[in-house]
Amino acid sequence: MTSLGTLDVLTFNLNNPGRERAERQLAYLAARPEQVLVLTETANSAGCDLLERRFTAAGYSVTFPRPELRGERGVMVVSRLEARLLPTGVDFLAHRAVGIQVDTETGPLDIIGLYVPSRDATEKKTERKRNFLQECRKLPDGFDADRVVLGDFNVLEPGHVPRYRFFSPFEYAFYSWFEAVGYVDAFRHLHPDTLDYSWVGRTGDGYRYDHAHVSGRLAGALRGCSYVHEPRTMRDRLTDHSALGVRLAVTAAAPLPVTDPTQAVEPLAALF
C-alpha cells in the first residue's frame, strides 16, 4: 500500500489494448498503489473505452480527450483523488498532452501526461514529431509551482548509454529543455549513474523512452522514482513498455471513495 504522507504517480504505456488485454491491464492497474495513473498510447478503441468506463463506474476521476482520427494515439489520466482539468497550452495534437490538478495539504499539484509521437526516417513523421515537441514548449515552466510532467516522450537523454545514431538534435534538445525551464529528471536525480530502460528491442537494445520530470521545488520531496518492468517482462505481458513510478513526500487532500473497477457495474447505456 501507499505509505502515509506520500502521493504516487505511475505512467504506463497501454499499447492500445484490445478488450481482452484491457481487462488484464485493468486488474493490474487496479491493484497498483499509485493514486494517479498516466496512461499513454490510448486510442478511440474498444479496449480504452473499457478502461475509461470501468474506472469511471468505480468512482475514479478520468480525463480522456479521445483522439478523433483513426490510428491516432493519446493520453488518459485516471485518479483516485478529486481532479480538475488543467489546460496545458498545447494545441497541436492536444490529446497527447493532458493535464490535471489535484489538491494536497501544501497546495495544488499539477500532473501533466505526455505521449510524444514516434517517427521513422520520413519527412512527414519527422516534422510531425518536431512540431509537437516545439508545441510542448508552451507547457508551464518548473520554477513557480508543484508540477510533474511524465509519460512516454519517445526521446532519450543526451548522455544515453548506448548512443543511437538515428536520434536527431531536436529530440535531445527537447529533453534538455526541461532542465532549462526549471525541471528535474526524477529518475536521474535519484539514480545518477543507473542504466535502466523502459523499452527493449528484439536484439536486446535498451531505450529510456519513459520519463518523469518534477518542478525544481519538488525535487526535495522525491522519495522514489523507478521503472516497473513486470508489465513488459511477465509471461503473458501487458504491454511493450515498462511503467515508471514516482513517489512524492506530499499528502493528498481529497481522496475519492473509489471501489474496485474490476467489479464495477457500468450503466446499461454504456454497454450498447
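1. Strand E1 (residues 7-13), helix H1 (residues 19-30) and strand E2 (residues 36-42) form a β-α-β unit that is right-handed, meaning that, with the strands pointing away from the viewer, the path from the first strand over the helix to the second runs clockwise. Helices (H or I, at least four residues) and strands (E, at least two) are DSSP runs, numbered from the N terminus. The model is predicted: local features need pLDDT of at least 70 and side-chain atom pairs count only at pLDDT 80 or more, while totals for chains, interfaces and linings use all residues. Residues are numbered from 1 along each chain as its sequence is written, and side-chain values use heavy atoms, with hydrogens and water left out.

2. E1 and E2 run parallel and are joined by five bridges; strands pair if DSSP finds at least two bridges between them. Within this pairing, Leu10 lies opposite Leu37 of E2.

3. E2 also pairs with strand E4 (residues 74-79), antiparallel and through six bridges. Here the bridge partner of Leu37 is Val78.

4. The axes of helix H3 (residues 123-135) and helix H4 (residues 169-180), lines fitted to C-alpha atoms over the stretch in contact, come within 10 Å and cross at roughly 20 degrees. The two helices are therefore roughly parallel (angles under 35 degrees). In H3, Thr126, Lys129, Arg130 and Leu133 meet Phe170, Glu171 and Phe174 of H4, contact being heavy atoms within 4.5 Å.

Terms used: Axes are lines fitted to C-alpha atoms, for helices over the stretch in contact, and angles run from 0 to 180 degrees between N-to-C directions. Angles under 35 degrees count as roughly parallel, over 145 as roughly antiparallel, 65 to 115 as roughly perpendicular and the rest as oblique.
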